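User: Hi! I am new to protein structures and would like to learn how to read one. Could you take me through it step by step?

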Amino acid sequence: MSIRHGLLALLELGPRYGSQLRSEFESRTGATWPLNVGQVYTTLSRLERDGLVAQGGEDDAGHALYAITDTGRDELRSWYAQPVDRTSPARDELAIKLAMAVGAPGVDIREVIQSQRRHTVQAMQDYTRLKARALDALESGRSQERDDVAWLLVLEQLIFQTEAEARWLDHCEARLIRIAAASAAAPPPRTGDPAPPPGPVAETARPRAGRRRT
Amino acid sequence: MPSPQPVLQLQQLARVHGTGATEVHALRGIDLDVHPGELVAVMGPSGSGKSTLLTIAGGLDTPTSGRVLVEGTDITTAGRKALAALRRRSIGYVFQDYNLIPALTAAENVALPRELDGVSARKGRTEALAALEEMGLGHLADRFPDEMSGGQQQRVAIARALVGDRRLVLADEPTGALDSETGESVLGLLRTRCDAGAAGVLVTHEPRFAAWADRVVFLRDGAVVDQTVRSGADSLLAGQGSGRGGRGQAVER
């Protein structure tokens with residue numbers, strides 16, 4: 001998550017001071033990624049070191065103002081123009097957890113999946129309620145339109161993200177059931193072969209009797 | 001939000017298909033209460049029993065054991081006539097493929113359950129027009145189903161399900177045949193109707209649509225294995241400086 005570029009984008013609208021940048025960043029993104037003032041000033045001083053922003057004067061209340069430089073504008077243009085970097089996918093704790101749960105002793109992977117699914121769907125419910133409100137606010141025409149639109153887009157990103165996670169969990173469960181069914185249907189090993197270790201999947205994801213299409 | 005009298009109560013509901021070796025337990029002891037103003041989504045893989053649950057709740061199928069109370073009346077022991085009346089007056093059903101009658105206009109489709117219930121044609125039409133108006137479909141009252149888009153037809157179907165002050169709406173994959181934008185608007189409508197006091201049960205396999213519900217119940221192999229609890233966006237909103245409320249913990253996970 002690029003705080004650097006977020007701050008540059010706000011500074012392009014005009015000079016601002018630190019805590020102002022923080023509150024504008026949060027109202028644009030609905031405080032989804034809270035910033036503290038310390039982070040803002042650390043980032044500003046790095047931007048200044050790299051020549052992307054410059055300190056320029058004070059406002060009436062004596063706040064030190066920062067302004068974007070031409071180099072900063074170029075940097076911002078190229079940020080908007082380029083896709084975000086995917087060369088090293090973000091570590092996904094859930095993917096790692098499920099990978100570890102396959103065959104882990106004493107772990108019922110279906111329960112791991114279900115407890116995550118409940119949590120994920122619940123988060124989607126929360127986001128969806130917030131989205132319904134954001135839509136209401138937009139339609140009613142009150143409050144600052146730009147911030148509401150930005151917040152709506154961020155919320156919908158969260159909904160898409162959790163939706164993908166929920167679908168992937170459904171897929172994992174179905175996949176494990178299919179693999180378990182296939183390995184249960186496979187012919188028993190010939191005598192003399194070493195006994196195969198108990199299949200992790202067959203142990204934990206066996207479909208129950210009595211399933212039926214409804 | 002829960003009020004003392006649920007609109008729908010499922011008590012130890014079980015449904016067995018077949019006997020002996022071919023016996024299949026579609027539902028195993030389901031308990032579920034749905035209160036006025038509440039929208040409950042039922043999710044689960046195909047074969048988990050979610051459609052069976054809905055058809056039994058709507059009186060379209062009978063359970064092997066257990067009770068189904070709609071506004072306090074047990075529909076499993078009600079006579080055929082009483083059940084038919086209850087289905088006309090209390091229960092609205094929304095199907096995936098809309099099930100509008102092609103030879104009737106939107107208004108006639110919506111008025112039909114009222115006329116079947118003995119309401120005069122004039123009163124039925126007035127009620128139907130009001131219901132369509134509420135769905136933002138007043139201008140389509142005299143169109144036939146094949147002159148409307150899928151989303152419009154499904155909204156007419158919801159109007160039909162709720163006309164005449166029926167308080168229980170059962171929706172079986174109502175967004176199944178719609179694109180996601182239209183599906184979303186249909187769900188928004190169902191949500192609004194529940195906010196206005198109806199009780200809703202939505203069967204879906206789409207998490208995005210289930211997310212409109214107050215509560216999501218997960219079925220597996222005919223039993224409730226889990227459900228979400230309402231955490232309330234209000235508490236999320238309250239804690240944040242900007243008054244909007246992000247979910248830092250979920251994002252930073």
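User: Since the model is predicted, where in chain A is confidence lowest, and where is it highest?

Analyst: The general idea comes first: where pLDDT is low, the predicted coordinates should not be read in detail. Now the case here. Chain A has a mean pLDDT of 84, with 85% of its residues at 70 or more. Confidence is highest in strand β2 (residues 64-68) of chain A, with a mean of 94, and lowest in helix α8 (residues 200-204) of chain A, with a mean of 46. Across residues 198-214 of chain A the pLDDT is below 50, and this stretch has 41 contacts in the model beyond near neighbours in sequence.

User: Which domains does the assignment give for chain A?

Analyst: The domain assignment lists domain 1 (3-81) and domain 2 (93-186 + 199-204) of chain A. Their C-alpha centres are 34 Å apart. Five residues of domain 1 of chain A are in contact with five residues of domain 2 of chain A. On the domain 1 side of chain A, the touching residues are four polar and one charged, with no nonpolar ones.

User: Is Trp151(A) buried or exposed?

Analyst: Trp151(A) has 28 other C-beta atoms within 10 Å, so it is buried. You will find Trp151(A) in helix α7 (residues 145-185) of chain A.

User: Which residues touch the most other members of the largest nonpolar core?

Analyst: That core has 86 residues, and the ones touching the most other members are Val42(B), Val110(B), Leu132(B) and Ala159(B). Leaving out residues up to four places away in sequence, Leu132(B) touches several residues, including Ala106(B), Val110(B), Leu140(B) and Ala159(B). Another core of 12 residues lies apart from it, and among its members are Leu7(A), Leu47(A), Leu52(A) and Ile68(A).

User: Now for sheets. In what order do the four strands of the open sheet in chain B come?

Analyst: Here is the general idea: strands of a sheet pair through backbone hydrogen bonds, either parallel or antiparallel. In chain B the order is β2-β1-β4-β5, and the pairing is antiparallel. At the edges stand β2 (24-34) and β5 of chain B, each with a single partner strand, so one side of each has no neighbour in the sheet.

Looking inside the sheet, strand β1 (residues 8-17) of chain B is joined to β4(B) by five bridges. One pair to look for is Leu10(B) with its bridge partner Val68(B) in β4(B). Between β4(B) and β5(B) there are two bridges, and Leu69(B) has Asp74(B) in β5(B) as its bridge partner.

User: Which residue takes a positive phi in the hairpin of β4(B) and β5(B)?

Analyst: The hairpin has two residues between its strands, and Glu71(B) takes the positive phi, near 45°, although Glu71(B) is not a glycine. Because Glu71(B) has 19 C-beta neighbours inside 10 Å, it counts as partly exposed.

User: Where does Asp221(B) lie, and what is its phi?

Analyst: Asp221(B) lies in the loop between β9 (215-220) and β10 (223-227) of chain B. Its phi is positive, about 50°, although it is not a glycine. With 20 C-beta neighbours inside 10 Å, Asp221(B) counts as buried.

How values were computed. Residues numbered from 1 in each chain as written. Chains lettered and ligands numbered in written order. Predicted model: local features only at pLDDT ≥ 70, side-chain atom pairs only at ≥ 80, totals over all residues. pLDDT = per-residue confidence, 0-100. Contact = placed C-beta atoms within 7 Å. Domains from an automatic or database assignment. Nonpolar A, V, L, I, M, F, W, Y, C, P; charged D, E, K, R; others polar. Core = buried A, V, L, I, M, F, W, Y, C linked by C-beta atoms within 7 Å. Pairing = 2+ DSSP bridges.
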